[in-house]
Amino acid sequence: MTPPTPPTPPKASPTPPEKRPDRHYNFGRMNMVFAVSSLLLLAVTLWMVFADYAQPWKRYQAEFRALERQKLAKDTEGERKKINEQQVAQLKKDVQAAQTDLEKHNRGARELEQRIDRLKAEIYTADAAWKKAKGDLDASRFEYDTALQAKAGDAAEKGREVERNKKALEKAKQTREDLEAKRDAAQAELAEKKKAITEAEKKLDDLQSGLSSVEKRAAALGKGIDYLILNAPLMDFLQPSLHVQQVVLPGLYHNMNFTTVSRVDRCMTCHVAANRPGFDGPEWKEPFRTHPKLDVYVGDGSPHPFTKFGCTACHGGLDRATDFSRAGHSPKDAAQERDWLRRLHWERQRYLENPILPSGMSEAGCVTCHAADVWTPKATTQETGRFLLSHMGCGSCHLIDLPAYKDLRKPGPDLTRIAEKTNPGWAYKWIAAPRDFHPTTFMPHFFFQENIKGEANRRRQETEITAIVSYLWANSEKTPYPETIPAGDAKNGEKLFNSVGCAGCHIREDGVTRTQVLPTMNRLHGPNLIRTGSKVSPGWLYAWVKNPKQYWPETAMPSLRLTDPEAADLTAYLLSSRDPRYENVTPPAPDPKLRDELVLGYLQANLTIEGSQKKLATMPEAERNVYLGNQTILKYGCYSCHNIKGYDNVKPIGTELTAEGSKPLHQLDFGHVEIPETRHDWIHEKLLRPRIFDQGKESVKDYNDLLKMPNFGMSEEEAQAVLTNVVGFTKESVELSHKAGIEPRTAALAAGRRLISNFNCQGCHLIEGNGHAIKAVISEPSLLPPNLAAEGARVQSGWLFDYVHDPSRVKMRPWLTVRMPTFGFTDEQANTVLAYFGAREERQPFLSPFPGADPKSLAVGKVVFNLFQCAKCHPAGAEAAKATGMTPDLAPSLLLAHDRLRYDWVPSWIKDPQKWVPGTRMPSNFPETAPGKYDSPVAAAIDSPAFAAQKAEMMKQFSSEAELKAFLADVDKVTTALRDQIWNLSGGGAVASSPAKATKTARGGKAEKGAASVAGAAGGR
Amino acid sequence: MDFIKRIVNTLSYPYWSFSLVLVAFYLMMRSKRLWTKKGGLILLAVGTVFFILSLFDPNFRSIVAKPDNVPIVMMVFLVGFFVWLSMYKATKNDELLARGEPTFEKTEVEDKIFTWPDLVFSEFIFMVVLTVVLVVWSIVLKAPLEDPANPALAPNPSKAPWYFLGLQEMLVYFDPWMAGVVLPGLIILGLMAIPYIDTSPKGNGYFTFRERKVEITIFLFGWLILWSQMIVIGTFLRGPNWNFFGPYEYWDITKVESLVNVDLSEYFWIKLLHVGLPGNWFVRELPGILLIGFYFFVLPVLLARWKRLRPYYEKMGAPRFYVGIILFLVMLLLPIKMYLRWTVHLKYFIHVQEYFFNI
């Protein structure tokens, strides 16, 4: 059957029709459209792949690889230089020679190698047989077990099968082990023949090990074909060498409102070298630099390893972001912003609650975990800021619900007895402009600020000040102090001021700014005492310097136990500074019209317009002033910093700052001020010019609606320091285990630091590396109050408790003119002090009684004590003190030692005093030969003929000279011996046999006796 | 330029813009020239020029170019295009019908084509092109991610998804249960009821305007003015605190509007009769209840007797007519309430705060 002929298409039609009649569309054109759109699809698909692939962090990682390779190349050069080329050439020649030698003289080696290869193949086969036998045994065991359970007839046969397999397995094992033994023997034989070669090669390797390890690392960073393939687009799902680096931080949360999510920091994806030392030279630019404080942060051995704390917990920012802008980088200034915009196409993240803090403000991140600490060691900007926050009284008006800001004392003085202290004229001028009187005062300017425009408002301000003064005087106690006081010598007063310790907390300088004093900021703890004569009444001042607590029981000012003549001299000195502008001032009379208008405004809060007018009409003149004063004090919140009668339960007026660092931007009123819209820029501006956001609205707002935050006259430096804290007050939540001040030790530290800053101990002492502010007036280091670096390890808790309670009970360093003041601590406060010192040195509060000295040790101690001439500086008795005289070269009397010092500490102190108290004048007698290893010079010295008598004395206790030598060579034994001698001298050095006495002395129960001896020692003056 | 911007801003405030749009709508429905290709091009050109010129204004740009709003801008153009397209076809058909010729649709139905390749191939091309568009869009416009949701910190303005912004705009004028429950419910019910109320076979399967003038006008009034325009207002012109902002105005978060609205009961008892508000809520709200009662129960009856509507009543029969007219009155309640709010600050007709019942 022939197939039907297909209909022949119109073959050679001259012009084929554009459109076939049975088609709706022109398919020639449709095909074109299809082709174009398909190509477009291909193009955008490639674009999509590229857009997904081309992420900036990959570029950074690739760039870093290249840079690191260059660095390694440089290192290679260095390593190469270290290697002695001749030596290498020689060793290479040796290897060569050994090789040829082996080949020439002993062909057995080649055969041995071949035999080993054969044996290896046989072992492989034997091993496979052994594995099979093992499998057979296991399988037959299972079958036997099943058969037994099923009580099958062939169970016994299966049991025999198991036995057979056991034997087969043993045989297979035997075969394999035999072969292995043969191989080992052959290999040993071969190694013996090749010994010369291997030895030479090893020497060569050792010589080149530094170089080869660098070369290996450089090779790993190469850009070979495998690198290109693994990191190619669409291939990078395998195991790319460029990949996102992240660390999961289970203790640090993000609060997602309904749930918490662990942070996952990916910062290292771009900041590749942040945790690797060695990338901090000037040639390394961000993001490739090492963290600048690797010993404190990020580093594995630091207290804040990045595996536990990550990066964003301190710096802020979006943890999971791998894009420069998305991570939330914030420029520190306009120049950096322009640079970022240009280079990095930076965009501000409007919706990121906590962007990365600008550089310079990173210490704000400390607050998240260190919210309980008054200062954070090594965070200097922050520490200054916290000092300013507490002294400026930020937390008095603004609630800061963080442990460090709880129960702070009011920063301003008590005003409930102000009429006894000064006069209204001075008060008026002071309130109007405190810094005009005391240039360094923390009392801010409330009045006549930049948002007060127009004569009427200026007059209103004057009226308000007058009203405040009226209220204060109307509500002050008025028991007068005696008009006349004993006459004093101002010259001697000045000497006292600069020597007894006043200068630890006070300055008396005109024309300085706070910022100039900030390096010794503890001297700003108390007021600047310039112009005191124009401020206070002499009777008040005399009584105050003698005993501040009689005027104000809660004052932090301690008593320096001044005698009456001393107090008179000091008073005379302080009163000698005067300023006539502040004397005999009468406050201006209030403008009656404006005052009544203000009073009426306040009255109308509770009364009708008519009612308030009636009420005003019934108020006499004086009452109106006092009423307005009361309202004005409420308006400005004066009672937050000062005790004023009548404001016991009034809430502070400021905005809460507890979560200021997380405050949404839209809650900050930028007004018409053109600054970058960020939280830190707003706060910064607010600190420097608190009323600035009223700019342009001065006449729009009502007088009482104008901004009220006072002006502290902050310098840029101060504002930065405060800002660095305030932006750290965030809602960040971290697990308790990450917080300081929670577990007992850090809690004790935090409480102690709070007390130390409340009472300004660092004004005189050096604590945690800070303090000694009094250095400004005492230049001789030996006359400075002691460095308390080792205090917790050094002194007994009981002794310290008694001492801080009443420092007058013992005078340890009689040559010091500075006095440890009497603070009048409660038991709780005194305990806080010793818990703090104990926690810092990680010591328990109490020790078991002194175990007593060993006679050998005592004998050596006596000799070495004299050998080292300890008594030259430490008056060990009345005689010794007399012999040396009372000069500042002295050290505390050793008679106090057993009452005061911890016996477990003294030997380690003698061994290396600088380790405990850097800069101490106590000499080191035992040179440190290697870290932690000390040499005793005594052992060598004792052989000198000059010490023959001493040697004989010691030998009484020792059986042989070797034993004595060994004792003397042991630094720990010698220092313990010295300790025993000191205990012996001070009456506590009971020999081991009298524990009763030891018990008695251990708790410092003999403080009286110690004090008496010192008094005797000091008698030489 | 600033002067023009100020004029546009002022005119865009709802009380002006709504009236202007109503006039424009009337003219639009009367016009024939608009529904030609030329008319369409002119409309498109005017819209595009306005849009492009406006883009030079930073405030306008910041709102329109927000990644959330970009598709809505496109949709505004699409709505215009499809309204024009259907009206264009309807007008053309009307001309054809007037000449006694078959409609577009009829000609199309006779002209059949093959599924393969004509349909499938063109569909395939559109699929490819659409994929290209979507890929480019997703690369170029990043997802507009904001803060994690926080119930204690709602964004300001808090906006519903764009398709609900018409309803959210209604919240300005009505109590939530009205704007959020009753009115949307009635919209859905009303749309479902249309085929049962309007049983006319005219316009089945072909576009026509002349034969369906009233129906199309009512529908377009609801769709364009009460729905689409409200979405546009809600999307582009409502800023922080749901305050109104002209298209070139800066969205100032501190903007304050004086909003003191007065209930009908207060107008009646205090302003008109100079007596205090009655204590009994029913007596107090009686004027409003009577007014609403009149609107929904008496007015339809009166309308049925009106000579202009009488033929509809007879043609449709009482049930259809009343259901239809009441739905229509519900729809009209919105513009009425809007105008009363703008002119006399009317808060509610009926304000029974005792039972949270407000109209």
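1. Over which residues of chain A does pLDDT stay under 50 while the model has 48 contacts beyond four places in sequence? The stretch is residues 992-1021 of chain A. The model is a predicted one, and where pLDDT is low, the predicted coordinates should not be read in detail.

2. Chain A as a whole has a mean pLDDT of 87, with 93% of its residues at 70 or more.

3. The interface between the two chains involves 26 residues of chain B in contact with 26 residues of chain A. Together the chains bury about 2,300 Å², of which 74% is on carbon and sulfur atoms. On the side of chain B, the most area is lost to chain A by Asp118(B), Phe121(B) and Ile139(B), which together account for 20% of what that side buries.

4. The side of chain B that touches chain A comprises 19 nonpolar, 3 polar and 4 charged residues. Between chain B and chain A there are 0 salt bridges.

5. The structure contains 5 cavities of 30 Å³ or more. The largest cavity holds about 60 Å³ of space. Its lining residues include Glu791(A), Arg843(A) and Arg902(A), as well as Leu800(A), Leu834(A) and Phe837(A).

Note on methods: Residues numbered from 1 in each chain as written. Chains lettered and ligands numbered in written order. Predicted model: local features only at pLDDT ≥ 70, side-chain atom pairs only at ≥ 80, totals over all residues. Heavy atoms only, no water. Contact = heavy atoms within 4.5 Å. Buried area = accessible area lost by both parts, 1.4 Å probe. Salt bridge = Lys/Arg side-chain N within 4 Å of Asp/Glu carboxyl O. Nonpolar A, V, L, I, M, F, W, Y, C, P; charged D, E, K, R; others polar. pLDDT = per-residue confidence, 0-100. 1 Å grid on protein atoms, 1.4 Å probe; cavity = no way out; pocket = protein on both sides within 12 Å on 5 of 7 lines; lining within 4 Å. Points joined across faces, edges and corners; volume = space filled by probe spheres on them.
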